[in-house]
Amino acid sequence: MGKGRKAGKRLSKKQLSEMLEGFFTSQPGKTLSFKEIFQSLNLDTHPQKMLAIDIMEEMAWDDFLRKVSDTSYALNTNGQVQEGRFIRKSNGKNSFIPDGQEKPIFVAERNSMSALTGDRVRVSFMARREKHIKEAQVIAILERAKDVFVGRLNVDSDIAFLQPQNSTLVHDVLIPKDKLMGGKTGEKALVKIVKWPDPEHSTFIGEVIDVLGMSGDNDVEMNTILAQYGLPYKYPKDVEDEAEKIDATITAKDEAEREDFRKTWTCTIDPKDAKDFDDALSIKKLENGLYEVGVHIADVSHYVTEGSVIDKEAVKRATSVYLVDRTIPMLPERLCNFICSLRPEEEKLTYSVIFDLDEDAYIRNYRIKHTIIRSDRRYAYEEAQQLLEDNGVVDGTGQPAPDPGSTGYKGEYAWEVCMLDRLAKKLRERRFKSGSVRFDSEELHFDVDEKGHPTRAYFKRSKDANKLIEEFMLLANRTVAEDVGKVSGGKKAKVLPYRIHENPDPQKLENLREFVVKFGYRVKTEGTQGAIARSLNKLMDETEGKREQKVIQSVALRAMMKAKYSVHNIGHFGLAFDYYTHFTSPIRRYPDTMVHRLLTSYQEGGRSANEKHYEELCEHCSDMEQIAQNAERDSIKYKMVEFMGDRVGEEFDAHISGITSYGIYAEIDDNHCEGMVPMRDLDDDYYDFDERNFLLRGRRHHHKYQLGDPIRIKVAKANLEKRQLDYTLVSTNAAPNVSTEGNVAKPSKPRRTRKPAWGGGRTSKKKE
């Protein structure tokens with residue numbers, strides 16, 4: 001029932017409206033008579049009753065209420081009450097996303113009922129007739145997204161509480177003194193909520209379930225990031241013990257059942273600090289003039305059986321997580337770094353896609369087989385790249401590769417690596433012509449000392465050696481997907497987890513088109529998938545090295561849908577493939593292991609797998625992939641702030657990399673570390689944010705700050721707890737009269753800068 005008032009107190013229309021809204025939304029299924037309403041709200045005077053009737057009539061006009069009779073109303077539940085997901089913001093501008101929709105609806109803090117991000121809630125809508133703004137009010141919390149949170153402990157003689165790591169909680173969590181597990185002030189801890197807020201109490205009460213250690217310690221902070229996202233930060237002992245029992249011996253039966261590649265030249269190419277080598281390439285020239293290229297993948301499913309202790313842990317994790325200074329593996333170390341890892345000069349069991357390619361890298365034949373290999377050479381990307389460059393491969397070009405045994409090569413196995421590179425370039429060129437979207441990114445990397453402290457920040461770009469591996473992984477993944485999914489004669493394809501990528505959101509594409517016009521660019525938003533993709537590639541080429549490059553790439557990426565896993569194949573827009581899956585990284589991705597198992601079953605004549613079961617697994621793996629990526633980004637952000645924390649007070653040359661209503665983002669030219677110059681520090685004038693032209697403009701002096709402008713900054717503050725980096729402006733060389741305002745067809749000539757990064761970093765191989 002609604003809350004009443006003291007008799008005789010005069011209420012304003014606004015006060016009475018709020019009382020009526022709360023009263024009806026608390027009873028969404030009930031028809032309420034005037035008598036019930038007046039009694040419940042203590043409306044005991046004629047003027048107040050008449051005002052209430054007038055307000056209810058307006059609410060019915062707004063579709064907030066439904067008029068049942070001349071003397072009764074009910075909450076209009078036709079679209080006025082919905083369920084969905086809640087998202088909390090630190091500024092109190094929370095939102096609700098209804099099931100099956102993407103557009104958020106505003107929820108004021110006073111109407112949130114202490115709901116947290118990810119919680120499933122039921123809301124009612126509060127129409128505002130004068131502004132036609134839809135606003136939601138939480139009326140029930142149906143399911144909590146999580147009940148374990150991480151943060152810093154604060155313990156004194158009277159009280160103990162947890163200060164959350166981020167703004168996901170409304171308040172600090174109170175902790176009884178006997179539930180601290182020995183935790184002390186300043187330590188990071190995991191706390192489980194044992195009592196949630198209710199209408200009478202707004203307090204969260206919890207108990208410590210693990211103490212991570214003192215804030216500031218590198219291991220503690222990295223584990224805090226993992227715990228914040230609900231990711232495991234230690235491996236269960238029973239799973240590791242199970243891995244120790246695995247017999248890694250290659251038996252005579254294994255040899256008899258597999259194709260033998262131990263005498264075919266094979267290599268791995270990976271990051272220099274990698275230990276989990278899950279893919280290898282082999283090549284030899286056949287007597288018919290074709291090239292046999294083998295893509296050999298660690299046969300994880302041979303050792304990890306479905307439903308085993310190890311498999312259950314792998315399902316839960318779904319992916320390895322790559323933080324700046326460590327890898328949190330999906331599989332126990334003995335499997336991922338030893339038994340399954342394709343280490344040089346060791347015989348390994350693999351699952352392979354073997355291609356017969358002609359001079360132009362067209363597939364003349366292929367086969368998918370269980371195999372045995374013995375890698376002849378382990379290359380770091382840098383070593384393979386140097387070998388290519390020593391043999392004339394520079395900036396994506398290179399001489400034709402002569403026959404094996406030619407004396408025209410420099411370095412051991414040079415022909416093999418150069419021939420693989422040559423074929424990969426043919427595949428890559430053809431892929432882009434077919435409509436594959438090109439978003440070449442730079443990745444922020446750090447060198448760290450033995451304590452995990454960053455000593456150097458730098459960017460890495462994919463070079464020919466990286467692209468060589470990427471292209472053959474794409475080819476293998478595509479071929480496996482086609483082998484299962486491409487059926488003829490109206491037959492139904494057997495179940496397989498696909499890697500799918502929907503077409504771009506039409507509205508977001510239109511937003512991109514309107515945005516880039518301001519800078520003098522054009523992009524297609526209609527037509528075939530290939531035409532749109534080629535238009536996007538042209539846009540990326542045209543913005544290369546320009547000051548607006550970073551923001552245009554960011555807006556373009558936002559127009560793209562997220563790739564995910566599903567048994568319902570719709571193709572992959574970004575790659576322009578009709579069939580695509582993940583087969584090439586079973587050590588670090590669970591979907592690849594699923595594909596290996598199903599492929600083996602189908603090759604042995606097995607029936608199609610359970611579609612519903614595998615779709616649920618696909619959804620779980622997609623969710624875990626996104627969570628892992630968020631954790632990886634947070635670790636990069638933490639290390640960036642930590643790295644610049646040693647340089648507080650120092651000055652650097654930078655350029656403006658982003659502009660918002662609350663300040664400008666600046667990226668240092670030398671190390672690419674990005675921080676913010678808050679609006680409050682631009683104290684020489686009052687600046688307005690011109691969103692249409694993407695600039696800040698001073699009211700009095702008319703000075704303008706634009707993307708790409710060179711500036712000189714000083715590092716002012718590095719807050720590790722909040723992972724925030726603040727700069728102050730020392731000087732600017734930007735011309736005050738340069739502007740795109742009113743000149744969208746012919747913008748001012750862009751100033752070239754060092755190409756900024758737009759993508760999140762990762763220490764592992766990126767093989768989509």
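Predicted model: local features only at pLDDT ≥ 70, side-chain atom pairs only at ≥ 80, totals over all residues.
Which residue in E11 is the bridge partner of Phe161? In E11, Phe161 is bridged to Leu174.

Residues are numbered from 1 along each chain as its sequence is written, and side-chain values use heavy atoms, with hydrogens and water left out.

Let me begin with the strands around E10. Helices (H or I, at least four residues) and strands (E, at least two) are DSSP runs, numbered from the N terminus. Two strands are said to pair if DSSP finds at least two bridges between them. Strand E9 (residues 148–155) is joined to E10 by five bridges, and the two run antiparallel. Four residues lie between E9 and E10, which form a hairpin. Within this pairing, Leu153 stands opposite Leu162 in E10. E10 also pairs with strand E11 (residues 173–174), in the antiparallel sense and over two bridges. As for accessibility, buried means under 20% relative accessible area, exposed over 50%, and partly exposed in between, with a 1.4 Å probe and protein chains only. Strand E10 (residues 160–164) is largely enclosed by the rest of the structure, because four of its five residues are buried.

Seven strands form an open sheet with mixed pairing, in the order E14-E21-E20-E17-E16-E15-E22. Its edges are strand E14 (259–260) and strand E22 (377–380); each has a single partner strand, so one side of each is left without a neighbour in the sheet. Inside the sheet, strand E15 (residues 266–270) and strand E16 (residues 279–285) run antiparallel and are joined by two bridges. Thr266 has Ser282 as its bridge partner in E16.

Now to the interior. A nonpolar core is a set of buried Ala, Val, Leu, Ile, Met, Phe, Trp, Tyr and Cys residues joined through side-chain atoms within 4.5 Å. The largest such core has 99 residues, and Leu331, Leu335, Leu423 and Phe472 are those with the most contacts inside it. Helix H12 (residues 464–485) gives the most to this core, with ten residues. Apart from it lies another core, of 52 residues, among them Tyr521, Val523, Ile659 and Ile664. What does Leu423 touch, not counting residues up to four places away in sequence? With contact meaning heavy atoms within 4.5 Å, the residues touched by Leu423 include Ile283, Tyr291, Val293, Leu357 and Phe472.

Cys340 is in no disulfide, the nearest cysteine sulfur being that of Cys336, 8.4 Å away. Cys340 is also buried, at 2% relative accessibility. For Cys621, the closest cysteine sulfur is in Cys618, at 6.7 Å, which is too far for a bond. Cys621 is likewise buried, with a relative accessible area of 3%.

Helix H17 (residues 611–645) has 35 residues and should span 51 Å at 1.5 Å a residue; its end C-alpha atoms are 51 Å apart, which agrees. The expected span is 1.5 Å times one less than the number of residues. At the start of H17, a side-chain oxygen of Asn610 comes within 3.1 Å of the backbone nitrogen of Lys612.

Several loop residues complete the picture. Arg88, in the loop between strand E4 (81–87) and strand E5 (94–98), is buried, with a relative accessible area of 8%. Polar contacts (pairs of N or O atoms within 3.5 Å; within protein, one must be able to donate a hydrogen and the other to accept it, and residues adjacent in sequence count only if both atoms are side-chain atoms) join the side chain of Arg88 to that of Glu109 at 2.7 Å and to that of Ser112 at 3.3 Å.

Finally, backbone geometry. Most residues other than glycine have a negative phi. Asn42, however, has a positive phi of about 55°; it lies in the loop between helix H2 (34–40) and helix H3 (46–61) and is partly exposed at 34% relative accessibility. His672 has a positive phi of about 65° and sits in the loop between strand E28 (663–668) and strand E29 (674–678). At 8% relative accessibility, His672 is buried.

Methods. Disulfide = S-S within 2.5 Å.
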